[in-house]
Amino acid sequence: MDAILAIERLTRRFGGLVALRDVSLSVVPGERHAVIGPNGAGKTTLFNVVSGELAPTSGRVSLLGSGITGLPSHEIARRGLARTFQRNNLLFSLTALENVRLAAQACTPATRRLFTPVHRLPHLEERARVLLDRMDLADRAAAPARSLSYGEQRQLEVAIALAGRPKVLLLDEPTSGMSPAETARMTALLDRLGREQTVVIIEHDMDVVFALADRITVLYLGEVIASGTPEAVRADPRVQEVYLGTGEGLEG
Amino acid sequence: MNRAPGARAFLPASGIRGGRRLVLLVVAAALLLVPLTGSRFAATTLTEMLVFAIFAMSLDLLVGYTGLVSLGHAAPFGVAAYTVALLSTHGTAALAATLPAALVAGTAAAALIGVFALRAAGVYFLMLTLAFAQMAFAVAHEWAGVTGGTNGLSGIPRPALPAADLGGAVPFYYLVLLLAGLAAVVLARITRSPFGAALAGVRENEARMRAMGYDTFRLKMAAFVIAGAAAALSGALYAYYNGFVSPDVLYWTTSGQVLVMVLLGGAGTLAGPAAGAAAVLLLQNLASSYTERWTLILGAAFILVVLAAPSGLAGVAARLGGPLRRLRAANPGAGPLPPAPSEGAAR
Amino acid sequence: MTFYLLQALNGCAYGMLLFLLAAGLSLIFGLMEIVNLAHGGFYLLGAYLGLSIFRWTGSFWLALAIAPLITGGAGFLLEWPFLRPLYRRTHLDQILLTFGFAFVLTDLTRWLWGADVQSLPAPRGLDQSVVILGTLFPAYRLFVIGAGAALALGLWLGLVRSRLGAVVRAGVANREMTQALGIDVAAVFTGVFVFGTALAGLAGVAAAPILGVFPGVDFDILIVTLIVVVVGGLGTFSGAFWGSLLIGEADTFGKVLVPQAALVVIYLVMAAVLLARPAGLFGGRAR
């Protein structure tokens, strides 16, 4: 099957620091691919380069076969690659509904309309409500984003990313900072996204990784040190060394 | 209310709330009826207020809705004023000719400034709007052959409309009222549109909007140009109102004064800045009869507004009365200078 | 050939004056993240104060020494009662406050000193021309170049070598951490703001024999200073220095080579730099 997202030999330097070195990864449609690794491994940098926030020093990224390397982030988003952020990056003064409604509006021609009041385009609001419902936030629609609990804000992050019907969804530590109960809830919500949604997820919580991932790529100091099925990665001696060495557990 | 949350409405979508509706009706009635008393003083005072109300509302689109604080909004205003002055004093009296010309000139000035100023993020934007407007001032000041230099251009006749004599204060007032009303309605509609909602998103978190897929540079440019067009309208009307145009229309104090009007009235509400314009002009008229130190007083007012009432009059009104709740203004500090404008480098 | 060299010297002198302003502005921005829009006002205040002190005492040097001190005092009067309360608010509010003070300063100086164009004569001993490369060149301008360079060196050393400089640089790099180390960052803010405005006042006196003193020059010079820091990059010392020289030369040569377009030359330079490097020539910092 052809890859829906192909990352080829991506390198990113910051002056003397090599944050990503020859990282290659490919994701097939419907796959759930986890990217794991100790802190500082370059995972978020990888996302930043793929989503266009940063330009790569060298390498290629292609989405559905066409290159997206070096395109501005809004252009990449329009082409069907959506992401969430590790730290809640919301429109905090606006309501949850408005956040998602705006996200839904982004990839439509509606933004060009200057003279039609928003309430006369109900399909965007309806879509927003559907998404909020999917992410268990239906009853918080009218609340300003800043008044949501931390966990609810993380859920809102995902709802926003889903609004544009992305072909590939990049989730940057969706459960970071969450309690076990919230984490379980988020995992269930993500699982409900179904097999049509291709997902690449950065995660530290191994329970989440093993619950969701079809394949795992392990990054360490900017390089891929292993890639494959969860069982294969678990058994890989280099991976074990990296995790044992850093004191983080690999056990689910 | 089923209004789109987050959109700051001038007239809420499905009907205006009780108290606010009353206030607006009273104001509208006053604007329509008072000049009928024939008082020239009333007509000219209200004309000036309307002209600056348009100016202030145009800046509010930038400041309150998009989160772009421009310190050079005098540029489209002054360029349009000079266009009217030049055309009128050289034989072109027809409004149908001067007004479009002024709009085009002022909007073009805004677009040109926007191209440069908007590429720069945060603080640089502020400085560039200031710098380019001052450049326009310098040109008007030096190019005496065309602009009359420090003496400016005087003797601007009233505009000529077929079948209407706008020579008197009252007829001219009604023209200005009509145009001001149109501008207000157009701006209000824009703020309540999907485009307006996108502008609010840019104000709240531009980086997130880009990640959603919005070309935020284009959005900001569009806002800048629309605001420029509205400012140009007010500039053109100002030239007719004043009968005289000097480089002062392009000076930083003019940009500062309209910003005070917006902040005092309450950014992000459209109605607030319009009221702010009236308030500042009243204050100016009052002060000028006692002292020449209006600039000093304006500065003091500016400082006071920044220190004490960041949401301006609209914010104060909101705190006072339930029905005026929805006049809550965008905090002018919440948007324009993101705490870490790292996007400045990563364009 | 000599013509161009002389113009280059003129540009250098102008650049040094701009450097005094740009350094103060950049220092304040680097530490406090505020663009002090009243900076031109302090420049003008310093110039007028210098004028008055000269009239009372007959000494240019006294004016040069004392006016900056009083100007720094005025800076203190802005910072302590008005700016400090705004530190917990956004930078925009702080910048707008300085803008309000720009209004105050511009009218205050007009009120106290009138609207006529005035000038401060160069001090005795420097009010003549010296022979350079076969032609005459005003000695005062040479003094400005020399003194300016010395001051630049002193500032750089102070910033890089002294303990106080280290504190300032620490505050620029990480305010919270510096505070956590027990240093009163608010006091450093006040000190830097006062120092920056004093530099602006110094520039006002020093520039008076060359540029004159009149209402309106505050914003003329503020805009040029803004162009300098936009070109050089806000918040860096090298940016302020090289930006000042570049703009000083560009403006001087612009005026002699293309007098009709003299006004816009530096704007064109700024536009060109911005198109190529949106963060300024030295604007490596992501601000």
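Helices here are DSSP runs of H or I with at least four residues, strands are runs of E with at least two, and both are numbered from the N terminus. The axes of α5 (residues 122-142) of chain B and α11 (residues 262-276) of chain C come within 10 Å and cross at roughly 165°. The two helices are therefore roughly antiparallel, the class for angles over 145 degrees. Axes are lines fitted to C-alpha atoms, for helices over the stretch in contact, and angles run from 0 to 180 degrees between N-to-C directions.

The model is predicted: local features need pLDDT of at least 70 and side-chain atom pairs count only at pLDDT 80 or more, whereas totals for chains, interfaces and linings use all residues. Residues are numbered from 1 along each chain as its sequence is written, and chains are lettered from A and ligands numbered from 1 in the order in which they are written.

In this helix pair, B:Met135, B:Ala138, B:Val139 and B:Glu142 of α5(B) meet C:Leu263, C:Val264 and C:Tyr267 of α11(C); contact requires C-beta atoms, placed from the backbone, to lie within 7 Å. By class, this contact has 6 nonpolar residues, no polar residues and 1 charged residue. Ala, Val, Leu, Ile, Met, Phe, Trp, Tyr, Cys and Pro count as nonpolar, Asp, Glu, Lys and Arg as charged, and the others, Gly among them, as polar.

Chain B itself comprises 13 helices and 2 strands. Of its 347 residues, 59% count as buried, that is, with 20 or more other C-beta atoms within 10 Å of their own; 12 or fewer make a residue exposed, and values in between partly exposed. B:Ala42, in helix α2 (residues 40-66) of chain B, is partly exposed because 17 other C-beta atoms lie within 10 Å.

Chain A contains an open sheet of 6 strands in the order β6-β7-β8-β3-β9-β10, with mixed pairing. Strands β6 (81-83) and β10 stand at the edges with a single partner strand each, so one side of each lacks a neighbour in the sheet. The twist averages 15° from one strand to the next. Pairing requires at least two bridges found by DSSP. Strands β3 (residues 32-36) and β8 (residues 198-202) of chain A pair in the parallel sense over 4 bridges, and A:Ala34 stands opposite A:Ile201 in β8(A). By contrast, β9 (residues 215-220) and β10 (residues 223-228) of chain A run antiparallel, joined by 5 bridges. A:Thr217 stands opposite A:Ser227 in β10(A). Their hairpin has 2 residues between the strands, and A:Leu221 takes a positive phi near 50°.

Notes: Parallel < 35°, antiparallel > 145°, perpendicular 65-115°, else oblique. Contact = placed C-beta atoms within 7 Å.
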